[in-house]
Amino acid sequence: MLIRNFTNDKFIRAYNSFANTESEFYLNDEEFYMYSVLFTNQMMDGSIRTNIDIINQFIPIKFIQNDTKNKAKVKSLISSLIKKKVLIVENEIDDLKNNTLLELNFNDIEMSNDGLGEDKKVTDGKFKNFSKIPYDKFLTFESTKDYYIYYTVSRWPNGFSFSYNSWAEVLGLKHQESALRVIEDVVKREIIHKNIGDYNSRTKQDSNVYNIHPFVEERKTKQTKKVEQKQANVKREEKLSDLPHSDERVKEINNALYFFKTYKDDDGNVFPMDYHYALYLEVKEIKNPSKLEKDLVDAAEKRINQLKNNPQFQREFEEGKRLHKKQQNDKIINQLETATNAIKMKNGSVIIVNEANIDSIDWREVNSTYYGDEKLYGSWEMASFQPRHVKGGHDDRPDMIEYGWELYKRHVKTGKMLTHSLREKMQGRVFEEKLSDMPKSQVEKAEVIDMSLVLQETNEEPVYTKEEMLIDQLNESTSNSGNLRDWIDNTYKKRYESVDDIF
């Protein structure tokens, strides 16, 4: 294609109606590209004299690589432009063949006036209602879709606000997700530029704004700045990863130190991200930190103090706290994957327990015990060894918790996993012994004699299970700490021949 006259002062008139799905002049990406090719082939009087064979030879982007099929495609697109009244045919054509002369003109007046009120319409050939696409810019595109998206955005010099649903409609795509992928790709390749919509509530986000030129810093949204900051941080992380470190942990801490201590570098302003704050929170919990870990905590807290009133810091720090909590939960899950028995302490740490260490643990510091089947998956608070109140909470019975802990210790020493049913039996035994009128000496004797019942699982349901369920329910409606079994007998056996009849 001859391009010696393709200079910045020559441009394609890209009418606004071409991207308006409600207009009779609406064009898809291939039709618009065909229109543009013909526009660059105008003669001095604005008319076009050509044929399909010639177009197939000079068109910059072929729709189909096979010449025969591409000619058929060109013929179809020209016919569509004629049908949509974008092109006016000036000569008579009985049978359009590949070598048939086409004398064409553009329907400029109608396209200029499309969508305008009567008082704004033109009649004197002074075209309006279009954007300018320079000839030399037109030649830079490698696909018709890229070109069409660029044209769509170019119509708005100050930016073009558009949702992905609207993009899908204009681009003729069935799904919003497809439009998202297409637009994100052209943004990544800088065909167009995106200013990400800010959130106007917890869940609602403004539409993105697009422009053919990069947005100046003053116009960038908070979300755009956040994304750009992350992209710059990725570059920094890549540079830092090339530096020698003795191990991954040292490397991770040194990287975070760079972000906490550095305020500006070649890639712009430096701000710590959520994962840097998460690492700081993790290291801060270490009881005996190394010098490097102390340096990280000191640097982080100094930077936090400087940024405490910065909205970006507040967002990142909150995300860092959430990330830290998730990492802690993930760590617990990983620990439980291979454990037979485990406990959670009141400080949040998880300890794998066995015969070797169970006696060294202070039950007063234990929050809950884990239970499971083949793997540990649930937890039961130590406080549940005490009677519950109707309005929530438990009676203050540390003696019951201590007794429950003794039963748990004995179980751990068997080397078997604590199951849900075993944990229920332990609770039942604690309630049976500690809420009865039985003297202490007899309770201690019962502990020894009945441990086999507590720690042994059978396929048969224990005879006292239903009573224990009732005891547990009664604990929700009474604070009576006397002999509940006697209470059951005295109250319910008046109406039922046996406790089993209650259920």
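Contacts between residues 24 or more positions apart make up 59% of those with a separation of 6 or more in the protein chain. This is a predicted model, and its chain carries 18 helices and 14 strands.

**The chain as a whole**

- Of the 503 residues in the protein chain, 42% are buried.
- The chain has an accessible surface of about 28900 Å², and carbon and sulfur atoms contribute 47% of that area.

**Where H1 meets H6**

- Helix H1 spans residues 29–39 and helix H6 spans residues 144–154; their axes come within 9 Å of each other.
- The two axes cross at roughly 85 degrees, and angles of 65 to 115 degrees count as roughly perpendicular, so H1 and H6 are roughly perpendicular to each other.
- On the H1 side, the residues that meet H6 are Asp29, Glu30, Phe32, Tyr33 and Ser36.
- Their partners on H6 are Thr144, Lys145, Tyr147, Tyr148 and Tyr151.
- Sorted by class, this contact of H1 with H6 holds five nonpolar, two polar and three charged residues.

**Where H6 meets H7**

- H6 also packs with helix H7 (residues 164–171), at an angle of about 120 degrees and with the axes 12 Å apart.
- That angle makes H6 and H7 oblique to each other.
- As for handedness, the crossing of H6 and H7 is right-handed.
- H6 brings Lys145, Tyr148, Ile149, Thr152 and Val153 to the contact, while H7 brings Trp167, Val170 and Leu171.
- By class, the contact of H6 with H7 consists of six nonpolar residues, one polar and one charged.

**A look at Gln312**

- Gln312 sits in helix H13, which covers residues 311–338.
- Its relative accessible area is 18%, and buried means under 20%, so Gln312 counts as buried.
- Once neighbours within four places in sequence are set aside, Gln312 is in contact with Gln229 and Phe271.
- Lys226 lies 86 residues from Gln312 in sequence, yet the C-alpha atoms of Gln312 and Lys226 are 8.0 Å apart in space.

Methods
Residues numbered from 1 in each chain as written. Predicted model: local features only at pLDDT ≥ 70, side-chain atom pairs only at ≥ 80, totals over all residues. Heavy atoms only, no water. Helix = DSSP H or I, 4+ residues; strand = E, 2+ residues; numbered from the N terminus. Buried < 20%, exposed > 50% of the residue type's maximum accessible area, 1.4 Å probe, protein only. Contact = heavy atoms within 4.5 Å. Areas by Shrake-Rupley, 256 points an atom, 1.4 Å probe, with all protein chains shown as cover. Axes fitted to C-alpha atoms, helices over the stretch in contact; angles between N-to-C directions. Parallel < 35°, antiparallel > 145°, perpendicular 65-115°, else oblique. Nonpolar A, V, L, I, M, F, W, Y, C, P; charged D, E, K, R; others polar. Left-handed = near helix turned anticlockwise from the far one by under 90°.
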